[in-house]
Amino acid sequence: DVDFPGKLLFDTSSILVFDNLLDETLRKRLLNVVKGYPENFEIDKWNDSEYGPDPSRWTRGGLVDVIDEGSEMNAPSCWGLSDEAINDICFGPHPAI
């Protein structure tokens, strides 16, 4: 949490980089878990580079790092995993995790 007069902000901008922490096979398996594919799936069913985040897994406005209680968000720009996707990742059987 970041203290800002009159508002509560969450700083989501931190990034950590760990080179060579995962091998390519585990990286692909973990990415498939996030995408909702079987872990050893080889072909992308959705081209997010061309079409954006897969709407069956991601939701616009799923991540909000500024809480503004006084106004409605008309077009949030952040994407986040859907509740179903989060539950699948957290509670589904994923040996890669």
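Arg27 is partly exposed, with a relative accessible area of 35%, in what is a predicted model. Its salt-bridge partner is Glu24, and the closest N and O atoms of the two are 2.7 Å apart. Glu24 is likewise partly exposed, at 44% relative accessibility. Both residues belong to helix α1, where a spacing of three residues places them about one helical turn apart. The count of salt bridges in the model comes to four.

**Salt bridges between separate parts of the chain**

- Glu39 forms a salt bridge with Arg29, with 2.8 Å between the closest N and O atoms.
- Because Glu39 lies in the loop between α1 and α2 (48-51) while Arg29 lies in helix α1, this pair ties together parts that are ten residues apart in sequence.
- Glu39 counts as buried at 13% relative accessibility, whereas Arg29 is partly exposed at 22%.
- Arg57 forms a salt bridge with Asp88, the closest N and O atoms being 3.0 Å apart.
- Since Arg57 is in the loop between α2 and β3 (58-60) and Asp88 is in helix α3 (residues 83-91), the pair ties together parts that are 31 residues apart in sequence.
- Arg57 is buried, at 9% relative accessibility, and Asp88 is partly exposed, with a relative accessible area of 27%.

**The loop between β2 and α1**

- Leu21 lies in the loop between β2 (7-9) and α1 (24-35) and is exposed, with a relative accessible area of 61%.
- Together with Leu16, Phe18 and Leu22, Leu21 forms a nonpolar surface patch with about 480 Å² of accessible area.
- Asn20 is placed in the loop between β2 and α1 and counts as exposed, at 79% relative accessibility.
- Although Asn20 is not a glycine, this residue has a positive phi of about 60°.

Key: Residues numbered from 1 in each chain as written. Predicted model: local features only at pLDDT ≥ 70, side-chain atom pairs only at ≥ 80, totals over all residues. Heavy atoms only, no water. Patch = residues over 30% accessible without salt bridge, like charges linked within 9 Å, V, L, I, M, F, W, Y side chains within 5 Å. Areas by Shrake-Rupley, 256 points an atom, 1.4 Å probe, with all protein chains shown as cover. Salt bridge = Lys/Arg side-chain N within 4 Å of Asp/Glu carboxyl O. Helix = DSSP H or I, 4+ residues; strand = E, 2+ residues; numbered from the N terminus. Buried < 20%, exposed > 50% of the residue type's maximum accessible area, 1.4 Å probe, protein only.
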